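Subject: the model, plus some notes

Hi,

Here is the structure I promised to pass on.

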Amino acid sequence: MNHNVKLSLLFSLFEEFSGSVRSGDVMSAYLYLITKDNSIVGYTQGLSGIAQLMAALPAGVLTDRHRRDTMLRFSALVGLLAGCLMAYTLLLSPPGLWHLCVAMAALGVYPGVYDPPLESIFADSVRAGRSSLYTTKHIITILASGCGPLLSLVLFWRLGNQWEPSDCRHVLLWGLGLMVVPLVVLCCFDDSKALEHHHSNTGEAARLPLTKEQAAATAAAHSAAAESQQQRSRRCCGCFAAAVPPGLAVTLLIFISDLIGAFASGMTLKFFAMFFMQVCHVSPAVVSLLGLLGPLCTSTASWAAQRTSRMAGRVQTGLVTRAADILLLTSMAYLPTASRQARLVLMGVHLLRMAIANCARPLMRSVLMDAVPRHHRGKVNAADSVHMLSWSGSAAMGGVLVEKYGFQSTFLITAFLKLFGFIPLLFLVRYVPDGWLAGAKASTAAPGMGYSLLPESAADGRPPPESSTTAAADGACGEADGRCSPGGVLEPLLDGASAEAAEDPEGIRAAQERQDS
């Protein structure tokens with residue numbers, strides 16, 4: 001496994017463990033206990049998201065201009081300062097609201113700075129089409145987020161299992177102390193060990209052994225696949241497909257869908273704990289137990305979604321899970337809460353909805369990263385943080401709606417808005433031909449092979465080839481280094497053993513001969 005991939009998984013483990021304690025349900029409960037106002041909870045959590053967005057946009061641009069590992073070391077310094085500021089604020093007795101807002105904003109800047117370079121260096125170190133590594137990272141992140149509630153459960157139990165501000169403060173300080181490990185991990189990444197950094201230095205040498213006949217034969221196959229893909233896209237989306245390159249279309253559709261979904265989810269995400277606390281009257285230990293079981297259910301669902309996507313396709317799997325999420329959230333608005341049995345059913349539905357709503361995220365992430373060349377990943381990951389602005393605004397709106405209309409009505413509004421995020425994925429199906437059930441569509445991207453959608457030549461600013469013959473040869477040979485081809489359309493890339501052979505000239509010749517046969 002690649003050096004940076006290992007560190008990404010290790011960082012995800014400890015950062016999510018710490019984050020689920022210092023910024024999770026306990027923080028929402030603490031803010032409510034000292035203010036007695038759900039709208040203040042929404043405003044404060046929203047401020048953290050806005051700070052993350054404001055930091056992520058310049059961080060994404062800098063990630064594409066400078067080394068990723070340098071940016072990650074800088075983010076470690078930002079995280080250290082933010083953690084110290086929040087610890088100082090919590091130790092004030094009592095902490096002022098403005099002090100908490102500044103500290104929450106600082107903690108929001110921290111992930112805004114590390115997320116673009118971290119996601120970019122992870123994508124640089126993963127071969128195209130390898131959605132399994134994204135799923136592994138997602139499962140580790142989800143399981144780690146369950147460790148935080150487990151620690152909270154133990155601490156609350158020992159402190160008396162009551163909703164007291166002093167007990168919540170004690171738990172939050174534990175979460176801040178756990179930040180030390182991920183901060184150290186951020187300083188250990190190495191940009192020179194990314195796969196695509198190696199390929200960018202050896203790609204020209206790897207292309208030399210290819211003969212003109214092999215390049216021409218591969219270029220002809222790629223041209224036929226490109227024409228077939230473009231015809232399908234035109235039939236599906238008409239003028240939009242003709243005007244927008246497939247890679248850009250994939251990026252836009254996923255971005256729009258996630259943006260709407262983030263806006264909808266932000267209205268209720270930070271208020272489920274408040275719902276069980278205020279409406280169902282459950283203890284801190286039970287809320288922590290739900291926080292522990294939720295990640296376990298989500299990780300299991302993610303594993304199942306990964307297996308299902310191999311047969312049904314990644315986008316198709318995402319469509320089914322999002323539809324189920326909307327239905328389950330709607331049902332939560334009508335389920336009774338009076339009796340103990342009713343509350344148990346409600347908590348079961350909540351856990352099921354949480355698992356289904358989050359299980360397809362790594363699949364969609366792999367689709368997005370397959371569509372974006374290395375030179376644009378920092379900016380795309382930063383633009384992905386625009387969701388935080390949507391989430392932040394809706395978190396503040398959710399607090400107001402909860403205060404005015406109640407939790408269940410807010411659930412219904414959220415479910416209705418999620419319907420609009422479902423629509424862009426319907427168009428995305430035609431652009432991502434994978435899965436065993438794809439039939440003829442899988443002919444351009446056989447199982448076990450990745451693909452890329454955005455033109456690398458455009459990303460590099462290189463002029464177009466002088467002749468069609470040279471363009472065809474470059475397009476065919478360019479696939480060997482695992483990056484996008486100048487054609488800018490859906491084309492197969494070498495993966496598995498063939499991709500490993502691409503690291504040396506003799507290996508690429510052997511891989512090409514196997515492909516021709």
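By a polar contact I mean a pair of N or O atoms within 3.5 Å; within protein, one must be able to donate a hydrogen and the other to accept it, and residues adjacent in sequence count only if both atoms are side-chain atoms. The side chain of T414 has one at 2.9 Å, to the backbone oxygen of T410.

Before going further, some housekeeping. This is a predicted model, so local features need pLDDT of at least 70 and side-chain atom pairs count only at pLDDT 80 or more, while totals for chains, interfaces and linings use all residues. Numbering runs from 1 along each chain as its sequence is written, and side-chain values use heavy atoms, with hydrogens and water left out.

The overall picture: the protein chain has 24 helices and two strands (DSSP runs numbered from the N terminus, H or I of at least four residues for helices, E of at least two for strands). Of its 517 residues, 56% count as buried, where buried is under 20% relative accessible area, exposed is over 50% and partly exposed is in between, with a 1.4 Å probe and protein chains only. Taking contact as heavy atoms within 4.5 Å, 85% of the contacts between residues at least 6 apart in sequence join residues at least 24 apart.

Back to T414, which sits in helix α20 (residues 407-428). T414 counts as buried because its relative accessibility is 0%. Leaving out residues up to four places away in sequence, T414 touches A264, S265, M267, T268 and L329.

A nonpolar core here is a set of buried Ala, Val, Leu, Ile, Met, Phe, Trp, Tyr and Cys residues joined through side-chain atoms within 4.5 Å. The largest has 64 residues, and F411 is one of those touching the most other members, along with M86, Y110, L186, F189, M274 and F276. Helix α5 (residues 97-124) gives the most to this core, with nine residues. Apart from it lies another core, of 26 residues, including L133, V315, A371 and L425.

I423 belongs to a nonpolar surface patch of about 570 Å², together with F416, L419, F420, L426 and F427.

Elsewhere, A59 in helix α3 (residues 38-65) is buried, at 4% relative accessible area. A59 and P116 are 57 residues apart in sequence and 6.6 Å apart in space, C-alpha to C-alpha. Beyond its neighbours within four places, A59 is in contact with M71, G112, V113 and P116.

Most residues other than glycine have a negative phi. N161, in the loop between α6 (131-159) and α7 (165-177), has a positive phi near 55° and is buried, at 18%. H281 has a positive phi of about 55° too, but H281 is exposed, at 63%, in the loop between α13 (272-278) and α14 (284-312).

Cheers

Conventions:
Patches are made of residues with over 30% relative accessible area and no salt bridge: like charges are joined within 9 Å, nonpolar side chains (Val, Leu, Ile, Met, Phe, Trp, Tyr) within 5 Å. Accessible areas come from the Shrake-Rupley method with a 1.4 Å probe; for residues, only the protein chains shown count as cover. A salt bridge is a side-chain nitrogen of Lys or Arg within 4 Å of a carboxyl oxygen of Asp or Glu.
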